[in-house]
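The paragraphs below go through a structure chain by chain and contact by contact. Please keep the sequence and the 3D view open while reading.

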Amino acid sequence: MSMQEFLHMGGYGFYVWTSYGLWALVMVLNLYFSRAREKNIYRKLKQRIQ
Amino acid sequence: MTSLFLGTLQRDLKLAFRRRSELANPLVFFVVVITLFPFAFGANAELIQLLSAGMIWIAALLASTLSLDGMFRSDYEDGCLDDLILASSPLGLLVLAKILSHWLINGIPLIIVSVLAGLLLSLSADTVLALCVTLLIGTPVLSLLGAITVALTVGLRNAGMLLSLILLPLYMPVLIFSVVAVDNARAGLPYTAELYFLAGILVLALTLCPLATAAAIRVRMS
Amino acid sequence: MYKWIHQFGSPKYFYDVSFRVSFWCGVVCVIFLLAGLYGGLVLAPADYQQGDSFRIIYIHVPSAWMSMFVYMVMAVSGGISLIWRIKVNEVIARSAAPLGASFTFLALATGSLWGKPMWGAWWVWDARLTSELILLFLYLGYMALVSAFEDRRTGARAGAILALVGVVNIPIIHYSVEWWNTLHQGPTVTKFSSPSIHTSMLIPLLLMWIGFMCYFFSVLMIRARAEILEYEANASWVRDLVNQSAKRRSI
């Protein structure tokens with residue numbers, strides 16, 4: 001199977017890759033914001049305590 | 001226990017009748033929303049009749065959401081909710097009295113006005129009957145579900161907005177079964193199945209909602 | 001068992017354990033997602049009816065499962081926090097909500113992207129999609145309620161009651177929507193229900209599902225950890241932790 005064929009997805013490329021892209025985006029953003037929040041809270045605590 | 005139940009009921013009814021003008025507001029709102037629909041969809045009698053069940057029910061949902069706003073507010077502000085918790089009777093029972101009074105004050109007039117609305121939209125007698133029956137079974141559910149949500153949101157900054165955001169999705173089953181029942185009546189079909197569903201929902205709500213409301217009040221007042 | 005529950009209920013113990021849980025769940029998540037993606041996008045043959053568009057199920061179906069699972073986690077954890085007043089459970093319930101909402105959003109968005117080539121429309125009032133939409137509203141209502149309280153603990157406990165009300169309501173809502181749907185559209189055979197699914201299609205689905213689960217628990221732990229620091233900002237163990245942070249692992 002060639003790369004082109006793989007990306008084309010039998011004519012459904014747009015729907016399949018938009019779905020997977022959206023999914024990846026949501027997963028990464030969730031992780032990113034959760035980590036950012038954790039770091040943020042930790043930093044604030046540090047400032048307050050020290 | 002019964003006397004405390006009746007006492008709470010009586011007190012709430014008395015308080016409500018002292019503020020008669022406030023009582024009428026949700027009803028006026030109900031009628032105004034219904035009169036808006038023909039302007040939105042055109043005065044085509046056939047089309048309006050087709051949409052009538054949904055229109056009246058959506059107006060009823062919105063009106064009851066509006067009226068719920070005041071259910072616990074004065075009690076919350078003057079500290080009566082604390083007294084309710086400390087009363088010797090089970091809190092769920094007292095809450096049920098408050099819900100019943102809310103329904104008597106808001107639900108019953110809504111049903112009466114809906115007959116008028118039915119005439120306004122020139123519905124047949126059978127359809128109006130079905131409408132009244134669904135409202136009779138459905139509006140207590142609205143009050144019961146509403147009581148939980150009001151207990152959770154009372155006194156918060158944007159309580160009104162939160163209330164409708166949380167409540168309207170929960171109203172979905174009542175809306176579906178009621179509207180289908182009225183539509184069936186309009187088409188001359190039997191609608192007992194829908195009424196049974198509505199009655200089942202009412203029984204479930206009647207058993208669980210007072211307890212959940214009591215729990216919500218305890219959380220809010222702790 | 002009881003001792004373990006009791007230990008897990010202590011914020012400090014939970015905080016320490018959460019690092020291990022989030023790390024290992026993250027590792028397992030990456031492995032299973034990569035395997036699932038390879039199986040789903042490359043190995044599985046195209047569906048004879050739907051062509052390659054069926055590959056969307058590998059994210060649509062796990063998202064839909066997760067959207068309900070997370071709600072259950074939220075409600076059960078909320079229920080425990082109401083009965084035993086365990087802080088950790090409050091934190092887990094409120095941390096799960098945004099994750100559940102994003103899974104619900106994914107299920108809706110991918111369902112819509114799948115529906116477009118299958119039904120020819122972005123949105124169809126299909127019973128499952130509609131129920132999923134209402135589930136999203138329930139999540140949003142929960143999040144709005146919890147964040148409206150100044151006091152975190154009251155907010156979490158109010159949210160717990162709402163989540164439990166939702167759990168009783170979800171089956172009724174789902175049933176009524178399904179009933180309404182069959183009435184208005186006739187018994188349409190939804191493309192989402194496939195009675196017999198081929199093994200080569202099923203295995204990637206299960207792999208993806210495990211990956212989703214591990215992802216959820218991994219991120220849940222990160223979120224809960226952050227919340228618990230905020231909850232316990234005045235506790236001595238948090239102060240010790242922050243003071244020792246120079247020596248300990250850097251976050």
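Two residues are in contact if their C-beta atoms, placed from the backbone, lie within 7 Å. By that rule, the contact between chains A and C takes 25 residues from chain A and 30 residues from chain C. The side of chain A that touches chain C divides into 14 nonpolar, six polar and five charged residues. The model is predicted, and local features are described only where pLDDT is at least 70.

Two pairs of chains are in contact, and of these chains A and C share the most contacts. Chains A and B do not touch, and their nearest C-alpha atoms are 24 Å apart.

The contact of chain C with chain B is made by 20 residues from chain C and 23 residues from chain B. On the side of chain C, α5 (127-148) and α6 (152-185) each supply at least two residues. The largest share of that side, 13 residues, comes from α6(C). By residue type, the side of chain C that touches chain B has 15 nonpolar, four polar and one charged.

Chain A can be taken on its own next. Chain A has two helices and zero strands. Along its principal axes, the C-alpha trace of chain A spans about 60 × 20 × 10 Å. The radius of gyration of chain A is 20 Å, whereas a compact globule of 50 residues would have one near 10 Å. Buried residues make up 14% of the 50 residues in chain A.

A:E38 lies in helix α2, which covers residues 13-49 of chain A. Is A:E38 buried or exposed, or does it fall in between? A residue is buried if 20 or more other C-beta atoms lie within 10 Å of its own, and exposed if 12 or fewer do. A:E38 has 18 C-beta neighbours inside 10 Å, so it counts as partly exposed. From A:E38 to A:G11 the separation is 27 residues in sequence and 43 Å in space, C-alpha to C-alpha.

Chain C has eight helices and zero strands. From the N terminus on, the elements of chain C therefore read α-α-α-α-α-α-α-α. Of the 251 residues of chain C, 47% count as buried. Among contacts in chain C with a separation of 6 or more, 80% are accounted for by residues 24 or more positions apart.

Within chain C, C:R85 lies in the loop between α3 (57-84) and α4 (87-119). Its phi is near 55°, a positive value in a residue other than glycine. C:R85 has 13 other C-beta atoms within 10 Å and is therefore partly exposed.

B:S122 is found in the loop between α6 (91-120) and α7 (125-153) of chain B. B:S122 is not a glycine, although it has a positive phi of about 45°. With 11 other C-beta atoms within 10 Å, B:S122 is exposed.

The remaining topic is how helices of chain B pack. Two packed helices are described by the angle between their axes and the distance between the axes.

In the pair formed by helix α2 (residues 20-41) and helix α3 (residues 45-68) of chain B, the axes come within 9 Å and cross at roughly 150°. The crossing of α2(B) and α3(B) is right-handed. From α2(B) the contact uses B:P26, B:F29, B:F30, B:V33, B:I34, B:F37, B:P38 and B:F41, while residues from α3(B) include B:L47, B:I48, B:L51, B:M55 and B:I56. The residues of this contact divide into 18 nonpolar, one polar and no charged.

The other pair joins α7(B) to helix α10 (residues 192-221) of chain B. These two pack at an angle of about 20°, with their axes 8 Å apart. How are α7(B) and α10(B) oriented to each other? Angles under 35 degrees count as roughly parallel, and α7(B) and α10(B) are therefore roughly parallel to each other. The crossing of α7(B) and α10(B) is left-handed. The contact of α7(B) with α10(B) is made by 21 nonpolar, three polar and one charged residues.

Key
Residues numbered from 1 in each chain as written. Chains lettered and ligands numbered in written order. Predicted model: local features only at pLDDT ≥ 70, side-chain atom pairs only at ≥ 80, totals over all residues. Helix = DSSP H or I, 4+ residues; strand = E, 2+ residues; numbered from the N terminus. Nonpolar A, V, L, I, M, F, W, Y, C, P; charged D, E, K, R; others polar. Rg over C-alpha atoms; globule rule 2.2 N^0.38 Å. Axes fitted to C-alpha atoms, helices over the stretch in contact; angles between N-to-C directions. Left-handed = near helix turned anticlockwise from the far one by under 90°. Parallel < 35°, antiparallel > 145°, perpendicular 65-115°, else oblique.
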